[in-house]
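Reader: Hi! Could you walk me through this one while I have the model open?
Author: Happy to, let's look at it together.

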Amino acid sequence: MAAYKLNLNRSSLEEDKPTGAEANGKKLAVVLHKGKVYAIYAVCTHEEGPLEEGYMDKDEIICPWHAGAYNIMTGKANPDTNWVHDTPVYKVVEDKTTGDLSVDM
Ligand code: FES
């Protein structure tokens, strides 16, 4: 596992507003949720919809194309939207001084 710096700073994130980022060639959706930053693989498991353009509903990020729902903390797909499957999430590390963000992958 290695740390990859995101081209994002915590100060640029708005609560529950997914933002696109890239690390190690992977597209990520980064979300500030309940005061903590999460990163989920942004390519939807259904038809590759862009999760970074989705929205949050409670603890879930919702795909903008067909509303597949994933838990932002675990990547677990909601069984009520069984056209999507579990997807990877990555631990986000925040530099408390600068607000710079990186992910462990
Ligand atoms: S592409 Fe995401 S739910 Fe269909």
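Reader: How many bridges join β1 to strand β10?
Author: Four bridges join β1 to β10, which covers residues 100-104, and the two run antiparallel. Strands here are DSSP runs of E with at least two residues, numbered from the N terminus, while helices would be H or I runs of at least four residues. Two strands count as paired if DSSP finds at least two bridges between them.

Reader: Which residue is the bridge partner of Lys5 in β10?
Author: Ser102 is the partner of Lys5 there. One thing to know before we go on: this is a predicted model, where local features need pLDDT of at least 70, side-chain atom pairs count only at pLDDT 80 or more, and totals for chains, interfaces and linings use all residues. Residues are numbered from 1 along each chain as its sequence is written.

Reader: Thanks! What is the order of the open sheet of three strands that has β1 in it?
Author: The order is β1-β10-β9, with antiparallel pairing. The edge strands are β1 (3-9) and β9 (92-94), and each of them pairs on one side only. From one strand to the next, the twist averages 35°; such angles come from axes fitted as lines to C-alpha atoms (for helices, over the stretch in contact) and run from 0 to 180 degrees between N-to-C directions.

Reader: Moving on, what about β2 and β3? How many bridges join them?
Author: Five bridges join β2 (residues 19-23) to β3 (residues 26-33), in antiparallel fashion. Ala21 has Leu28 of β3 as its bridge partner. The two strands make a hairpin with two residues between them, and Asn24 takes a positive phi near 50°.

Reader: And which residue in the turn between β3 and β4 has a positive phi?
Author: That is Lys34, at about 50°, in a hairpin that also has two residues between its strands. β3 pairs with β4 (residues 36-41) over six bridges in the antiparallel sense, and Val30 finds its partner in Ala39 of β4.

Reader: Nice. What order do the strands take in the open sheet with β6?
Author: They run β5-β6-β7, again with antiparallel pairing. β5 (55-57) and β7 (69-71) stand at the edges with a single partner strand each, so one side of each has no neighbour in the sheet. Direction ignored, neighbouring strands of this sheet are turned by 35° against each other on average.

Reader: How many bridges join β6 to β7?
Author: Three bridges join β6 (residues 60-62) to β7, and the strands run antiparallel. Ile62 stands opposite Ala69 of β7.

Reader: Stepping back, how many helices and strands are there in the protein?
Author: Zero helices and ten strands. The radius of gyration, taken over C-alpha atoms, is 13 Å, close to the 13 Å that the globule rule gives for 105 residues, so the protein is as compact as a globular protein of that length. That rule is 2.2 Å times the number of residues to the power 0.38.

Reader: What share of the residues is buried?
Author: Buried residues make up 32% of the 105. A residue is buried if 20 or more other C-beta atoms, placed from the backbone, lie within 10 Å of its own, exposed if 12 or fewer, and partly exposed in between.

Reader: Last one: where is confidence lowest, and where highest?
Author: Confidence is lowest in β1, at a mean of 95, and highest in β6, at 99. The mean pLDDT (the predictor's confidence in each residue, from 0 to 100) is 97 for the protein, and 100% of its residues reach 70 or more.
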